Amino acid sequence: MASDLEALHRIQSDPLTQRTRPQPTSREASLELLQSWQLHWQRWGYGCWAMSLGGDEGKDLLGFGGLMWQAVDGRQSLCLKLWLHPQSWGLGYATEVGELALQQAFQELHAPSVLALVRPTDLPTRRTLERLGMRLKGALADVPKQAPSLLFETTPAHRAHLAQSRRQAAALAEQARSPESSFGAYSA
């Protein structure tokens, strides 16, 4: 827990994180967040995972991500959470853990939808949510005296549609690379 607390505090207090997600940066605020994640695990049996490159516990910790229940616009919703150190941004780790979390949500938990809230200035997370196939659903005034957060959502049906579209696009690309075009084989 001590190594997780140090990693979370480094993420929260990093100047790049503060630019995209202004929030309290005290150790106490980081401890409260980490404790809320632990309580979620105890209650639900799932939650945010610690992400590392392997090795010793706490060493090479990239960040945290997973699923948590959260009140969104007055009702409890299953939400995707991503907290990565800025040094890990742009390397695909957030997309990877997001994909695992969405698989868990729909294949194991049979959730009807997953939401994600993101600050409008947090472009890396917005891009990750879009890569995961999440769609902008609206905005929510959830942080006092700040611009509304953007609310993203995905459902099993939408993910199935995206997977089918990707398969069709891959098949068309493969067909275009084939020496035989749609007009048939050349004859001599």
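D142 and R119 join their side chains in a salt bridge, with N and O 3.7 Å apart. D142 sits in the loop between strand 5 (135-140) and strand 6 (149-154), while R119 sits in the loop between strand 4 (114-118) and helix 5 (123-131), so this contact ties together parts that are 23 residues apart in sequence. Keep in mind as you look around that this is a predicted model.

Next, take a look at E99 and R159, whose side chains form a salt bridge with an N to O distance of 2.4 Å. Helix 4 (residues 93-108) holds E99 and helix 6 (residues 156-177) holds R159, so the pair ties together parts that are 60 residues apart in sequence.

R159 falls in the buried class, at 18% relative accessibility.

## A bridge between two strands

E153 and K137 also make a salt bridge, and their closest N and O atoms are 3.7 Å apart. This pair links distant parts of the chain, with E153 in strand 6 and K137 in strand 5, 16 residues apart.

In this case E153 counts as buried, at 18% relative accessibility, and K137 is partly exposed at 48%.

## The overall count

How many salt bridges are there by this rule? The count comes to 4, and the pairs described above are among them.

Key. Residues numbered from 1 in each chain as written. Predicted model: local features only at pLDDT ≥ 70, side-chain atom pairs only at ≥ 80, totals over all residues. Heavy atoms only, no water. Helix = DSSP H or I, 4+ residues; strand = E, 2+ residues; numbered from the N terminus. Buried < 20%, exposed > 50% of the residue type's maximum accessible area, 1.4 Å probe, protein only.
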